[in-house]
Amino acid sequence: MSQVLTAAPRPCPAPVASPDVSVCIANWNCRGLLRRCLESLFDQDQGVSFEVIVVDNASADGAAEMVAAEFPGVGLVRNGENRGFSKANNQAAALARGRYLFFLNNDTVVPPNTLRQFLEFAEANPSVGMVGPRLRGSDGAAQISYRRRPTLAALLHRVSLLRWTGLFRRAYYDYRRDTFDPEGVRAVEVLMGAAVFLPRAAFEDSGRWDEQYRFGGEDIDLSTQVGRARPLVYVGNVEVVHYGRVSSRKNIGFAAPNVATGYVRYFRKAGAGPAALFLYKALVTLDAPVQCVGKLVQGAVRYATGRRAKARKSWLAARGLWHFMRTELVRFWKA
């Protein structure tokens, strides 16, 4: 296990029997990011009573030990294995005592009074099922913070064997980008799971996080389930800094295969027929080695032209694709 460097324990708010908000964080091997996230919650005024529950999925980098030493007021669950994002979030929710739940990625920073802004909006709009903020990257640029629900056509455009033909381009851009406007407040179909705030009742009524998703697609599923009964609302004047894919890149061998499998599960639940799912699985399977080779070549070109940071990203993507082909294809096809 890597050496754990700890700071002095931070004073946490005095526990209350029924806090306004329970912040639920799933973590795996992201000690530094998690520390920064927790610091942003405890070192700044959030304007409400809150508790934080961290569920650590058997991190090997000392993350759980860091939480215990530096943030003694945080509820900490130590899993003996990586149980996945959905199960860990459900574990946190089961221990939560707050009237509202705030599911938060470990690669985020929460500005002052963010929890108060969420709470005030939710209490002024009790019919709303789930609220999401504007996600802003560390570079200051607004990130895609909500989307439409994906379609098979949109995801097929990502297959390199088809992309050059232009097929499904319109469906893909409708899903990914063309509908996003960072300003204002509006009802949406899918909120990005990096930071979602909802009443406990809405979460329980939705059926909670579907634990068949390990990593990838679970936020689409939760949005869909909550959205059957209550609207989802994007609130652009509330912001959360999101370092965006840092965690998944650090754990690419786990993340990349599970994202592909998560989409299959989502499409099956959404009613896609066997023939459509077979076609999607076949094209993704055939495309994986093509993309893997493409990323390796791209990385070599980037490295040769001095863009070494971008080269590392290309090679990391290739490693994820290789892991998918080598170890996860059977599970992908069974999904």
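## Parallel strands, a wrapped helix and a few buried residues

Strand 1 (residues 21-27) and strand 2 run parallel and are joined by 7 bridges. Pairing here takes at least two bridges found by DSSP between two strands. Strands (E, at least two residues) and helices (H or I, at least four) are DSSP runs, numbered from the N terminus. Before going further, a word on the source: this is a predicted model, where local features need pLDDT of at least 70, side-chain atom pairs count only at pLDDT 80 or more, and totals for chains, interfaces and linings use all residues. Residues are numbered from 1 along each chain as its sequence is written, and side-chain values use heavy atoms, with hydrogens and water left out.

### The strands and their crossovers

Let's start with who pairs with whom. V21 has F50 in strand 2 as its bridge partner. On another pairing, strand 1 is tied to strand 4 (residues 100-104) by 4 bridges, again with the two running parallel, and there S22 has L101 as its bridge partner. Strand 2 in turn runs parallel to strand 3 (residues 75-78), with 4 bridges between them. In that pair, I53 is bridged to G75, while D56 stands opposite R78.

How does the chain get from strand 2 to strand 3? It crosses through helix 2 (residues 63-70), and this β-α-β crossover is right-handed. Right-handed means that, with the strands pointing away from the viewer, the path from the first strand over the helix to the second runs clockwise. Strand 1, helix 1 and strand 2 also form a right-handed β-α-β unit.

| Strand pair | Bridges | Direction |
|---|---|---|
| Strand 1 and strand 2 | 7 bridges | parallel |
| Strand 1 and strand 4 | 4 bridges | parallel |
| Strand 2 and strand 3 | 4 bridges | parallel |

Now for burial, which is set by relative accessible area: under 20% is buried, over 50% is exposed, and partly exposed is in between (1.4 Å probe, protein chains only). Why is strand 2 (residues 50-56) called largely enclosed? Because 7 of its 7 residues are buried.

### Helix 1

Helix 1 (residues 31-42) has 12 residues and spans 16 Å from its first C-alpha to its last, close to the 16 Å expected at 1.5 Å a residue. That expected span is 1.5 Å times one less than the number of residues. An α-helix has 3.6 residues a turn, so residues three or four places apart point the same way. With 9 of its 12 residues buried, helix 1 is largely enclosed by the rest of the structure. The buried set is R31, L33, L34, R35, C37, L38, S40, L41 and F42.

### Cysteines

How many disulfides does the structure hold? It holds 0, where a disulfide is a pair of cysteine sulfur atoms within 2.5 Å. For C30, the closest cysteine sulfur is in C37, 11 Å away, and that is too far for a bond. C30 is buried at a relative accessible area of 0%, and C292 is buried too, at 9%.

S145 lies in the loop between strand 6 (130-136) and strand 7 (146-147), and at 2% relative accessibility S145 is buried. Its side chain reaches the backbone nitrogen of L135 at 2.9 Å and the backbone oxygen of Q143 at 2.9 Å. Not counting residues up to four places away in sequence, S145 touches P133, R134, L135, F180, L191, M192 and Y234; contact means heavy atoms within 4.5 Å.

P133 is in strand 6 and is buried, with a relative accessible area of 2%. Leaving aside neighbours within four places in sequence, its contacts include F118, S145, A195 and Y234. P133 and V290 are 157 residues apart in sequence and 37 Å apart in space, C-alpha to C-alpha.

Finally, H157 sits in the loop between helix 5 (152-156) and helix 6 (160-163). H157 is buried, at 4% relative accessibility. Beyond its neighbours within four places in sequence, H157 is in contact with R163, L167, F168, R169, Y172 and Y173.

Methods. Polar contact = N/O pair within 3.5 Å; in protein donor to acceptor, adjacent residues only side chain to side chain.
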